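Thanks for making time. I have one structure to go through this morning, and I will keep to the numbers.

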Amino acid sequence: MEPIKMNLIKIFTSTFLLKGIFAISLFILILISGISYKHTLSLADSTESVVHTYKVNIQLEQLLSFVKDAEIGQRGFIITRDSSFLQPYNAAYVNVLISFAELNKLAANNIQQQNNLESLHQLIDSRFSNLETTFRVSAQIPVDKSLLKASMLNGKIFMDKIRFQVSKMIELDMAYLNERQAKYDHEISFTPLFTLLLMLFALFIFIFSYWEINKDLNILKITNANLLIKTESMSHAEEIGGISSWQWNLESNKLIFSDNQYLLLGCEPQSFEPTIEKFLEFVHPKDKHLVIDGEIQVLENNKYPTSFFRIIRKDGEVRHFKSLSKLITDINDKKTLIGINFDVTEQHKTTLALEERNKELEQSNKELASFNHVASHDLQEPLRIIQIYISRLIEKEDTTMTDKGKEYLDKIKMSVTRMRTLIEDLLLFSRTNKIEKVFEKTNLNLLLENSKLDLAGAIEEKNAVIYSEELPTINVIPFQIQQLFTNIIGNSIKYSKTNIAPCIKISCEKIVAKDQPELKTKSTKKYFKISISDNGLGFEQQYAESIFILFQRLHNDKEYIGTGIGLSICKKIVENHSGFIISQGELNIGATFSVFLPS
Amino acid sequence: MQNAPIHILLADDDEDDRLFFTEAFEEIKIKTIVNTVIDGVELIKYLLLPDVTLPHVLFLDLNMPRKGGLDCLIEIKSDNRFKDIAVAIYSTSASNEDIEETFIKGANVYIKKPSDFNSLKKILSEVITINWQHHTSSLNKDNFLLTL
């Protein structure tokens, strides 16, 4: 799951990157468009100013030529007296006025040119009035030649002034044009480089984006392939494990079942449109409320209880389901309930079988208890009666009985006593097993003292001495530990050497299990090791383990009476306390029993 | 107890035990009147006889047919007429459960049937010479079981 998740996170962050790139590209595009637009506007502006200058030039030249027309026409008339020469002269002034109107329009935004135009107008008006004067002079007969000459010279001066004024205006307009052209050139000189740089940058960004998108696509492809494998292995696992999964989109109310969900319901995969109602149809009528309650718990209380219910498969077979669900919220804040159903029918059957076995066990335990009762009462009763009769016989017939008879009677008495001890020990052994284990924090020193009291008779009889170190206070089943002390110390006294008073030493230390090689464990649990050693008969080390086995005895009963149950009880008691008991012996030197109780 | 005989009643289904019991009292040098019944039903019948002299001490076996010792104990201790009778449980076994239960139900002393006639005589004479008033007031689980 992890690599897929990582890949997806990568793609999510790269989506942010791509969005950024898109925004930058858009900005660059708008910038380029803006620059181009402004550029085009400037170009149009520049063209217009060129056309304007050109128009002004033409109009001024035309104006000049109209004035010249009038002059030439007048001259022709004066020389030839042919009135046809007066035709252009007459038209000239009208044309001049039209030209002025045109020029006025063109110079509308230029005060300097307007002023110049005003001066030109005055000059032309003066020229025309001069022409009128020249006419009048030439029309007088006879012609005053000197006056005509003066008037014509005057006309030439005006003409020169007009030419000068026109060329001045043309120059001025050219100067304007140049000025504008220079400004335009300055404006656009950086634009091509800037545009080129922007284009290159945009190109770089596009290539980078392409590379990024391609990378993401590859990750998606790999992720998709992985997902496919996971889905496949998931459905495989579901099939093997008897598990199915479902998803319930709470926004769209759409339900999705895994293939195995259908199989668990005994249907072909995806053979029907899954809905809550459809699923409830499969649920055992008596368990429907469990499923509905479970849903309510999840949706309303945000709790995810494990629910158990039965379903009836398509073929009518009843199966047991265990169901777990969980509410998840995706990155778009959409809620989906996902869940897993387990087919636990086999486990259920096993549990039922186990319960059945448990009942049987309980029954057999009861029988055992009643056997114990029979053993403790009914088996001992006749033996006790025999014992009392024997004691009566010994007392009453003491004088009449032969010695042989007395000896036989003694042997009967011993056998009966042994039989009773055996029954009692057996009972004790079985009780050690079955009695309720109530642990209490107990001072072991007190239990040891109680044991000494139990054994007071034997201790006194054999003059036994018991030395003990301070014992701890731990959690134990008190009467069992007391029994343990009684049995072990009792053994030490019983199997002591003749003529040597038993000396029993009890020591205690706190140890860690793995430090004790004889325990054969690597556990680091801590134990109290209580060692009880004596100076008695001991035993050969080869019997160290077998002495704990039920009915195993190392001595034949003529010398030492024993049932072979005592140490088995000890072992059982120690096991009840999750501890260990081990023994070490040396024949005719002594024995040591080590009890390990968890601290 | 010097002059007036002590009335003793034993409820036990075992014929041998009843025999030892009466023989033991015959040999004890204390004036006693010993009666025996064979089970719980007979015991209650006996106690309800019109001209009965109630025993000072009742020895009660636990394991009896028809009506056991525990049922008798409960009946006697809950009946105002009989609740002052000192009840000595007299049983073969001395299992913790039995001791505990009879103690709770109000028995005064618990003795385990001995396996020796002399021990029997000893323990019986000890029981009938108990100062019941003193014994009952200081009775606890530890001194409830009487041992020699």
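Chain B, then one histidine

Chain B has 7 helices and 6 strands as its secondary structure. Bear in mind that this is a predicted model. In sequence order, the elements of chain B run β-α-β-α-β-α-β-α-β-α-α-α-β. Along the principal axes, the C-alpha atoms of chain B occupy a box of roughly 40 × 35 × 30 Å.

Next, packing and surface. Buried residues make up 47% of the 148 in chain B. If we take the contacts in chain B between residues at least 6 apart in sequence, 69% of them link residues at least 24 apart. The accessible surface of chain B is about 7300 Å², and carbon and sulfur atoms account for 49% of that area.

On charges, chain B carries 15 positive and 24 negative ones. How far apart are the mean positions of the positive and negative charges of chain B? They are separated by 5 Å.

Is His284(A) buried or exposed? Its relative accessibility is 15%, and the cut-off for buried is under 20%, so His284(A) counts as buried. Setting aside neighbours within four places in sequence, His284(A) has contacts with Arg310(A), Ile311(A) and Ile312(A).

That is what I have for today.

How values were computed
Residues are numbered from 1 along each chain as its sequence is written. Chains are lettered from A and ligands numbered from 1 in the order in which they are written. This is a predicted model: local features need pLDDT of at least 70, side-chain atom pairs count only at pLDDT 80 or more; totals for chains, interfaces and linings use all residues. Side-chain values use heavy atoms; hydrogens and water are left out. Buried means under 20% relative accessible area, exposed over 50%, partly exposed in between (1.4 Å probe, protein chains only). Contact means heavy atoms within 4.5 Å. Helices (H or I, at least four residues) and strands (E, at least two) are DSSP runs, numbered from the N terminus. Accessible areas come from the Shrake-Rupley method with a 1.4 Å probe; for residues, only the protein chains shown count as cover. Lys and Arg count as positive and Asp and Glu as negative; His and the chain ends are not counted. The place of a charge is taken as NZ of Lys, CZ of Arg, CG of Asp or CD of Glu.
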